[in-house]
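Subject: Handing over the structure, with notes

Dear colleague,

I am passing on to you the structure that I have been reading through, and my notes follow below it. Please keep it open beside the text, so that each residue can be found as it comes up.

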Amino acid sequence: GFFGLVLTPEGKIVAVGSSGAKALPSLSEFLIARYSSRGLLESHLLHDFTPGSDATARSVSLQPDGKILAAGYTPNPASTTGGSYFAAARYVP
């Protein structure tokens, strides 16, 4: 599902969240999707920070140069108490 949305200056919608992993549907990856101003999907990207582990994007913003910033978390694979790492990435539209 989606957790964050932002509108571009052109009126496009960028949404971030999580999606089932390509190899293991029980896991999730960062999901970044861009929609036209009419709501049609133009492109999407899945980003796995830690192979074999979940990753979820929770917020999104745009830089003045149009690059997309997404932030969220990915679990710490060494943690026995469910700890997570902060995860952030910058994408070129």
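Strands here are DSSP runs of E with at least two residues, helices are runs of H or I with at least four, and both are numbered from the N terminus. S5 and S6 also form a hairpin with five residues between them, and Gly66 in its turn has a positive phi of about 95°.

Before going further, please note that this is a predicted model, in which local features need pLDDT of at least 70 and side-chain atom pairs count only at pLDDT 80 or more, whereas totals for chains, interfaces and linings use all residues. Residues are numbered from 1 along each chain as its sequence is written, and side-chain values use heavy atoms, with hydrogens and water left out.

S5 and S6 belong to an open sheet of three strands, in the order S5-S6-S7, with antiparallel pairing. Strand S5 (56-62) and strand S7 (84-91) each have a single partner strand and stand at the edges, so one side of each is left without a neighbour in the sheet. On average, and with direction ignored, neighbouring strands of this sheet are turned by 20° against each other, where the axes are lines fitted to C-alpha atoms (for helices over the stretch in contact) and angles run from 0 to 180 degrees between N-to-C directions.

Thr56, in strand S5, is buried because its relative accessible area is 6%; buried means under 20%, exposed over 50%, and partly exposed in between, with a 1.4 Å probe and protein chains only. Leaving out residues up to four places away in sequence, Thr56 touches Phe3, Gly17, Ser18, Ser28, Phe30, Gly72 and Tyr73, a contact being heavy atoms within 4.5 Å. Ala87 lies in strand S7 and is buried, since its relative accessible area is 2%. Beyond its neighbours within four places in sequence, Ala87 is in contact with several residues, among them Phe30, Phe49, Ala70 and Ala71. Ala87 and Thr56 are 31 residues apart in sequence, and their C-alpha atoms are 8.5 Å apart in space.

The hairpin of S3 and S4

Six bridges join S3 to S4, and the two run antiparallel, with Tyr35 standing opposite Leu41 in S4. These strands form a hairpin with five residues between them, and Gly39 in the turn has a positive phi of about 90°. Ser36 sits in the loop between S3 and strand S4 (41-47), and it counts as buried because its relative accessibility is 12%. Not counting residues up to four places away in sequence, Ser36 touches Lys12, Ile13 and Glu42.

Aromatic rings

How many aromatic pairs does a search of the whole structure find? The search finds one: Phe2 and Tyr35, in an edge-to-face arrangement with 6.3 Å from centre to centre and 85° between the planes. The pair links distant parts of the chain, as Phe2 is in strand S1 (residues 2-7) and Tyr35 in strand S3 (residues 28-35), 33 residues apart. Rings of Phe, Tyr and Trp (its six-membered ring) pair if their centres lie within 6.5 Å, and planes under 30 degrees apart count as stacked, over 60 as edge-to-face and the rest as tilted. Phe2 counts as partly exposed because its relative accessibility is 39%.

The chain as a whole

The secondary structure of the protein chain comes to zero helices and seven strands. Of its 93 residues, 33% count as buried. Among contacts between residues at least 6 apart in sequence, 34% join residues at least 24 apart.

Technical notes
Two strands pair if DSSP finds at least two bridges between them.
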